[in-house]
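Have the viewer open and follow along.

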Amino acid sequence: NVENVFAASAVTATDIISLNENYAVCAFVKSDGTFVGLIEKDTGKARGSVLVTSSVAASISLARLDDTHFVVTYVSGNDFRIQGYTVSGTSLTPMGNTGYSDVNEAIVIGFDTDSALSIAARETNIYVRPYQPSIATHYGGKSLSGIRPSNISATRIPDDDSGNRRVCICF
């Protein structure tokens with residue numbers, strides 16, 4: 001077992017993903033902001049972290065896109081943001097970010113180098129929108145209304161016979 005400390009203060013939200021054979025990515029929220037950092041898998045050592053936003057997020061979610069790219073989503077106040085990152089060595093470089101207002105909870109599912117799916121909940125709606133990190137854009141998408149979503153989770157399921165990507169969303 002390996003133990004690591006990114007923050008000596010209280011952490012209020014976290015998520016972690018395996019990025020590649022060398023690194024995992026950890027997202028964490030503490031009193032002075034929302035951060036992402038790399039963890040070396042062999043040693044468990046932190047290899048740097050960067051401030052995503054000085055806002056204290058209520059929820060945070062990560063998704064791997066490929067061995068050198070990931071996205072982070074977070075909700076702060078009622079604002080949802082999604083931000084892509086490129087990893088080179090131990091450096092984390094942000095790509096463009098986008099988002100929208102009046103959201104209670106959000107998660108993200110990664111597909112490939114430049115494609116993710118954001119799932120955001122408002123009081124009586126769920127919004128499912130594709131996201132392209134390289135140009136920081138949400139496009140198209142679906143809205144489910146008349147429901148009261150909470151505690152959203154989602155996972156990829158096998159593509160259909162036509163090659164269409166699919167996810168299972170639970171709430």
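## Starting in a loop

Glycine 141 has a relative accessible area of 45%, so this residue is partly exposed (buried means under 20% relative accessible area, exposed over 50%, and partly exposed in between, using a 1.4 Å probe and protein chains only). You'll find glycine 141 in the loop between β12 (137-138) and β13 (142-145). Strands here are DSSP runs of E with at least two residues, helices are runs of H or I with at least four residues, and both are numbered from the N terminus.

Which residues does glycine 141 touch, not counting residues up to four places away in sequence? Val128, Arg129 and Pro130, where contact means heavy atoms within 4.5 Å. Valine 128 is 13 residues from glycine 141 in sequence, and the C-alpha to C-alpha distance is 5.4 Å.

## Ground rules

This is a predicted model, so local features need pLDDT of at least 70 and side-chain atom pairs count only at pLDDT 80 or more, while totals for chains, interfaces and linings use all residues. Residues are numbered from 1 along each chain as its sequence is written, and side-chain values use heavy atoms, with hydrogens and water left out.

## The chain as a whole

The chain has 0 helices and 15 strands. For 171 residues, a compact globule would have a radius of gyration near 16 Å, and the chain agrees because its own value is 16 Å. That radius is taken over C-alpha atoms, and the globule rule is 2.2 Å times the number of residues to the power 0.38. The C-alpha trace spans about 45 × 40 × 30 Å along its principal axes.

Buried residues account for 45% of the 171 residues. Of the contacts between residues at least 6 apart in sequence, 38% join residues at least 24 apart.

## Two nonpolar cores

The largest nonpolar core has 19 residues, and those with the most contacts inside it are Val36, Leu62, Phe70 and Val72. A core here is a set of buried Ala, Val, Leu, Ile, Met, Phe, Trp, Tyr and Cys residues joined through side-chain atoms within 4.5 Å. At least two residues of this core come from each of β1 (11-18), β2 (23-30), β3 (33-40), β5 (59-66), β6 and β7. Which strand gives the most to this core? That's β2, with 4 residues. There's also a second, separate core of 14 residues, including Ala63, Leu65, Val71 and Ala116.

Take valine 36 as a way into the neighbourhood. Leaving aside neighbours within four places in sequence, valine 36 has contacts that include Cys26, Val50, Leu62, Phe70, Val72, Tyr85 and Leu92.

## Aromatic pairs

How many aromatic pairs does a search of the whole structure find? The count is 2. Phenylalanine 28 and phenylalanine 35 are stacked, at 5.4 Å centre to centre with 10 degrees between the planes. Rings of Phe, Tyr and Trp (its six-membered ring) pair if their centres lie within 6.5 Å; planes under 30 degrees apart are stacked, over 60 edge-to-face, and the rest tilted. Phenylalanine 28 and phenylalanine 35 are both buried.

The other pair joins phenylalanine 70 and tyrosine 85, which is stacked because the ring centres are 5.2 Å apart and the planes are at 10 degrees. Phenylalanine 70 sits in strand β6 (residues 69-76) and tyrosine 85 in strand β7 (residues 79-88), so the pair ties together parts 15 residues apart in sequence. Phenylalanine 70 counts as buried at 0% relative accessibility, and tyrosine 85 does too at 2%. Back at phenylalanine 35, lysine 30 lies over the ring face, at 5.2 Å from the ring centre (the cut-offs are NZ of Lys or CZ of Arg within 6 Å of the ring centre and within 35 degrees of the ring normal).

## Along β6

Threonine 73 is in strand β6 and is buried, with a relative accessible area of 0%. Not counting residues up to four places away in sequence, threonine 73 touches residues including Ile60, Ile82 and Ile107.

Serine 76 is also in β6, and 16% relative accessibility makes serine 76 buried. With neighbours within four places set aside, serine 76 contacts Ser55, Val56 and Ala57.

## Cysteines

The search turns up 0 disulfides, a disulfide being a pair of cysteine sulfur atoms within 2.5 Å. Cysteine 170 is partly exposed at 39% relative accessibility, whereas cysteine 26 is buried at 12%.
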